[in-house]
Amino acid sequence: METIVIGAGIVGLAVARRLTQVRPGERVTVLEKETEVAAHQTGHNSGVVHSGVYYQPGSLKARLCRRGVGLLREYTQEKGITYDEVGKVVVAVDATDEERLAEVHRRAVAGGVPRVEMLGPDGLRDVEPHVRGRAALRSPTTAVTDFPAVTRALADDVAAAGGGVRLGHEVVAMRPLRSGVEILVEHEGGTVRLAADRVVVCGGLHADRLAAMVGGGEGPRIVPFRGEYHLLAPERTHLVKGLVYPVPDPRYPFLGVHLTRRVDGTVDVGPNAVLATAREGYRLRDVDARDLWQTLAWPGTRALAGEHWRTGVAEVLGSLSSRRFLRAAQRYLPELGEGDLRRGGAGVRAQALARDGSLVDDFVIEDIGPVTAVRNAPSPAATSALAIAEEIVARLP
Ligand SMILES: Cc1cc2nc3c(=O)[nH]c(=O)nc-3n(C[C@H](O)[C@H](O)[C@H](O)COP(=O)(O)OP(=O)(O)OC[C@H]3O[C@@H](n4cnc5c(N)ncnc54)[C@H](O)[C@@H]3O)c2cc1C
């Protein structure tokens, strides 16, 4: 039995490793178009190990995040990768926030997130002395880690177990066979045809295109959202001890501008969420005509834009102005001043969008004959990757 996994992000490599563990006699090969692992979402994220406070009880996210945290914690310990439980507060600054925070608390308790507690203004001050709010939810087990290091370790495990990780190999076409799948792959030396009994697609920002090659459902489509970060000036990083988040707006799957302490001690402010003009467009000026056309031609994009154009315009303006970032963070960190932010990096989220314009919130895994396609693996998929891998491998024929 031969399995090909497409994509060497954290999800693809976790799946490949799991296969080598539970089906040791079978051959596993990972194909990745870039020349390094973790080149896209996995290497451009916030580095937060989410404890699972936000997710709808009973959803895949809720279940796989909790399981994923435990597995990830163990794995980082085994590999000597930093895993720092810096803790997180979600801060309510007004009455609307307070109402929404009560729902977040309810979900956290229903989801079995350990040691969450509600704090008043004084309790919040004890945990984060510079942060102000009417109330806060504290999750002391929320952690930060180095996801690219985790991904490299997974690739090493796959190789050590006899699997292959072929970098610089782009899948350009797939064709279902009577039994198995034929895959056309481009690499530096030319084009090769490979055959596999089964394929697992973990293509992140290209998940929909890869699924379409084998007759997967038309939706959901991937719509790229760029998330830009600012950095807190080094002399101001003492303003936060751990992770500080606003209360998320339930209409959006993104968490709002937050302050994230990374494993190297730097503090990110962000990310925002701006509709991107290229799936791998990390700069405002990056435009890919095919990506842009596919985004705009999808009826879901028009429906989304019709409903949320005001927020969209605000986010684009925010992307051009540090002051908007500053204002968002000042709501709960009033000491933050004009000179405290530096421009940082950016990531692009693969957000699945349904035909009717609804943003698909939960993880989506589609079975298409011999192909299993991860159609939506947004945050917290890095946190949940080892559990997503268990889930996928358990359902493979
Ligand atoms: C800004 C941002 C912040 C985030 N913050 C967090 C966080 O703090 N915590 C958290 O848990 N999650 C976070 N996430 C989400 C998390 O990073 C992703 O859910 C996770 O990395 C998804 O992993 P993946 O392997 O599915 O995708 P990716 O890492 O994107 O990997 C997909 C791979 O497939 C490859 N590929 C695509 N098409 C082909 C092809 N045709 N042939 C060969 N290879 C192909 C790509 O090159 C890529 O390497 C964040 C994401 C972003 C963008």
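Biologist: In which sense do strand S13 and strand S21 pair, and over how many bridges?

Modeller: The general idea is that two strands pair if DSSP finds at least two bridges between them. Strands (E, at least two residues) and helices (H or I, at least four residues) are DSSP runs, numbered from the N terminus. Here, S13 (residues 198-201) and S21 (residues 371-376) pair in the parallel sense, over three bridges. Look for Val199: it stands opposite Val371 in S21. Keep in mind that this is a predicted model, where local features need pLDDT of at least 70 and side-chain atom pairs count only at pLDDT 80 or more, while totals for chains, interfaces and linings use all residues. Residues are numbered from 1 along each chain as its sequence is written, and side-chain values use heavy atoms, with hydrogens and water left out.

Biologist: What is the strand order of the open sheet of six strands?

Modeller: Read it across as S9-S2-S1-S13-S21-S20, an open sheet with mixed pairing. The edges are S9 (164-166) and S20 (364-368), each of which pairs on one side only. Ignoring direction, neighbouring strands are turned by 20° against each other on average. For angles like this, axes are lines fitted to C-alpha atoms, for helices over the stretch in contact, and angles run from 0 to 180 degrees between N-to-C directions.

Biologist: Which strands does helix H1 touch on that sheet?

Modeller: Contact means heavy atoms within 4.5 Å. H1 packs on the sheet and touches S1 (2-6), S2 (27-31), S9, S13 and S21, and its direction makes about 170° with that of S2.

Biologist: Now helices. At what angle do the axes of H1 and H5 cross?

Modeller: Two packed helices are described by the angle between their axes and the distance between the axes. For H1 (residues 10-22) and H5 (residues 147-160), the axes come within 9 Å and cross at roughly 30°. That makes H1 roughly parallel to H5; the word covers angles under 35 degrees, with over 145 counting as roughly antiparallel, 65 to 115 as roughly perpendicular and the rest as oblique.

Biologist: And which residues of H1 and H5 meet?

Modeller: From H1 you have Ile10, Leu13, Ala14, Ala16, Arg17 and Thr20; they meet Phe147, Val150, Thr151, Leu154, Ala155, Asp157 and Val158 in H5. By class, the residues of this H1-H5 contact are nine nonpolar, two polar and two charged. Ala, Val, Leu, Ile, Met, Phe, Trp, Tyr, Cys and Pro count as nonpolar, Asp, Glu, Lys and Arg as charged, and the others, Gly among them, as polar.

Biologist: At what angle do the axes of H2 and H5 cross?

Modeller: The axes of H2 (residues 60-79) and H5 come within 11 Å and cross at roughly 75°, so H2 and H5 are roughly perpendicular to each other. Leu72, Tyr75, Thr76 and Lys79 of H2 make the contact with Phe147, Val150, Ala153, Leu154 and Asp157 of H5. That H2-H5 contact has six nonpolar, one polar and two charged residues.

Biologist: I spotted Asp208. Is it buried or exposed?

Modeller: Buried means under 20% relative accessible area, exposed over 50%, and partly exposed in between (1.4 Å probe, protein chains only). Asp208 is buried because its relative accessible area is 5%. Asp208 lies in helix H6 (residues 207-213). Setting aside neighbours within four places in sequence, Asp208 is in contact with Pro220, Arg221, Ile222, Arg279 and Arg375.

Biologist: Which kind of peptide bond joins Gly219 and Pro220?

Modeller: Most residues other than glycine have a negative phi, and most peptide bonds are trans. Gly219 and Pro220 are joined by a cis bond, with omega about -5°. Pro220 is in the loop between H6 and strand S14 (221-232). A cis bond also joins Ser379 and Pro380, with omega about 10°, and Pro380 lies in the loop between S21 and helix H10 (381-395).

Biologist: What about phi of Ala38?

Modeller: Phi of Ala38 is near 60°, a positive value in a residue other than glycine. Ala38 lies in the loop between S2 and S3, and at 9% relative accessibility it counts as buried. Arg115 has a positive phi near 60° too. Arg115 sits in the loop between helix H3 (95-110) and strand S6 (117-119); at 58% relative accessibility, Arg115 counts as exposed.
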